Amino acid sequence: MPFWNCGYLFDNKGIALLEVALALVVLGILSGTSLMLLNSQKNMMRRHITQTHQERVLHAVANYVNRYGMLPCPAKRVEHYANTAEEGVAQKTCTQGTAWMGAIPFRTLGLQRKLATDGRGRLMTYVVHPHKTTPTGALNATMIAQSLCKSHIKPFLDVRDGASS
């Protein structure tokens, strides 16, 4: 009697269902692993974008300091300024209250808005020492570089990602 006529295959109907279930489990494990790797890759890319934008902002700040001898005040971080001519413009003074912390004054620095955002598209926070925003606070680009590169010197400028605000 031929093998396919013996009824042996028809007695194990549950095997096909088990094979499908096993295949779905393997597929789920592979999908989960690939999604975790993809998410990790996206986070690395966001960190890289944030770091690149921070470096560009600091370079623009150094150019501003070379030109004016002081740091620009932060821009106001208020939603009703979004997408207006006032967005990204440094405040005139920032020695009162909490004016020393706000958004990156990207227009004052001559940057595009995109460079003032982190890897997730949020405006980064810009923090300055209020006394370094006046001409009497005499600064130069070398002082900024030393402040940012040496951990034992307390920085007078900080550019943080959008989550820090």
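These legends accompany an overview and several close-up views of one predicted model.

The model is predicted: local features need pLDDT of at least 70, side-chain atom pairs count only at pLDDT 80 or more, and totals for chains, interfaces and linings use all residues. Numbering starts from 1 along each chain as its sequence is written, and side-chain values use heavy atoms, with hydrogens and water left out.

**Overview. The chain has three helices and three strands.**
Along the sequence the order is α-β-α-β-α-β. Helices (H or I, at least four residues) and strands (E, at least two) are DSSP runs, numbered from the N terminus. Buried residues account for 31% of the 165 residues. Here buried means under 20% relative accessible area, exposed over 50%, and partly exposed in between (1.4 Å probe, protein chains only). Of the contacts with a separation of 6 or more, 64% involve residues 24 or more positions apart. A contact means heavy atoms within 4.5 Å. The accessible surface of the chain is about 11200 Å². Carbon and sulfur atoms hold 60% of that surface. Areas come from the Shrake-Rupley method with a 1.4 Å probe; for residues, only the protein chains shown count as cover.

**Close-up 1. Cys73 and Cys94 form a disulfide.**
The sulfur atoms lie 2.3 Å apart; the criterion is a pair of cysteine sulfur atoms within 2.5 Å. A search of the whole structure finds one such link. Its two cysteines, Cys73 and Cys94, both sit in the loop between helix 1 (13–68) and strand 1 (101–103), 21 residues apart. The link is left-handed, with -75 degrees about the S-S bond. Cys73 is buried at 5% relative accessibility. Cys94 is also buried, at 0%.

**Close-up 2. Tyr64 and Tyr68 form a tilted aromatic pair.**
Rings of Phe, Tyr and Trp (its six-membered ring) pair if their centres lie within 6.5 Å; planes under 30 degrees apart count as stacked, over 60 as edge-to-face and the rest as tilted. The ring centres of Tyr64 and Tyr68 are 4.6 Å apart, and the pair is tilted because the planes stand at 45 degrees. Both residues belong to helix 1; being four residues apart, they are separated by about one helical turn. Tyr64 is buried, with 14% relative accessibility. Tyr68 is partly exposed, at 44%.

**Close-up 3. Arg113 and Glu87 meet in a salt bridge.**
The N to O distance between the side chains is 2.9 Å. Arg113 lies in the loop between helix 2 (106–109) and strand 2 (125–128), and Glu87 in the loop between helix 1 and strand 1, so the pair ties together parts that are 26 residues apart in sequence. A salt bridge is a side-chain nitrogen of Lys or Arg within 4 Å of a carboxyl oxygen of Asp or Glu. The count by this rule is two salt bridges. Arg113 is partly exposed at 31% relative accessibility. Glu87 is buried, at 6%.

**Close-up 4. Asp118 and Arg122 also meet in a salt bridge.**
Their side chains come to 3.0 Å, N to O. Asp118 counts as buried because its relative accessibility is 3%. Arg122 has 33% relative accessibility, so Arg122 counts as partly exposed.
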